[in-house]
Amino acid sequence: MEQNHLLKDERIRNTAPELLIALVELLGGSDSDDNDSNGHCKHCGRELPIFNDETHPFCTSEDCPGFRARAAVCNAEGGE
């Protein structure tokens, strides 16, 4: 059982760079936002928050797939 767990961990580490690239591409790069052009998040459908009379470009809901994906990319790239 322990050996299977170690093999799985190794497979995850070996594919991490490819997964990160794919995740960044799915998110649309750094210049892409979450707005579906109707003020809703294209990942979860929630209404995007408004700050200073402007729709925020990114969903701030912690259970949104887009929010979680951006957080994972940020963590992988060493950001905060």
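Modeller: Helices are DSSP runs of H or I with at least four residues, numbered from the N terminus. Here, H1 is followed by Gly28, whose phi is positive, near 95°. The model is predicted, and local features need pLDDT of at least 70. Residues are numbered from 1 along each chain.

Biologist: Where in H1 does a kink lie?

Modeller: The bend at a residue is the angle between axes fitted to the seven residues ending there and the seven starting there. In H1, a kink of about 50° lies at Ala16, shortly before the proline Pro17.

Biologist: At what angle do H1 and H2 pack?

Modeller: Axes are lines fitted to C-alpha atoms, for helices over the stretch in contact (heavy atoms within 4.5 Å), and angles run from 0 to 180 degrees between N-to-C directions. Angles under 35 degrees count as roughly parallel, over 145 as roughly antiparallel, 65 to 115 as roughly perpendicular and the rest as oblique. H1 and H2 (residues 65-76) pack at about 135°, with their axes 10 Å apart; they are therefore oblique to each other.

Conventions. Predicted model: local features only at pLDDT ≥ 70, side-chain atom pairs only at ≥ 80, totals over all residues. Heavy atoms only, no water. Helix = DSSP H or I, 4+ residues; strand = E, 2+ residues; numbered from the N terminus.
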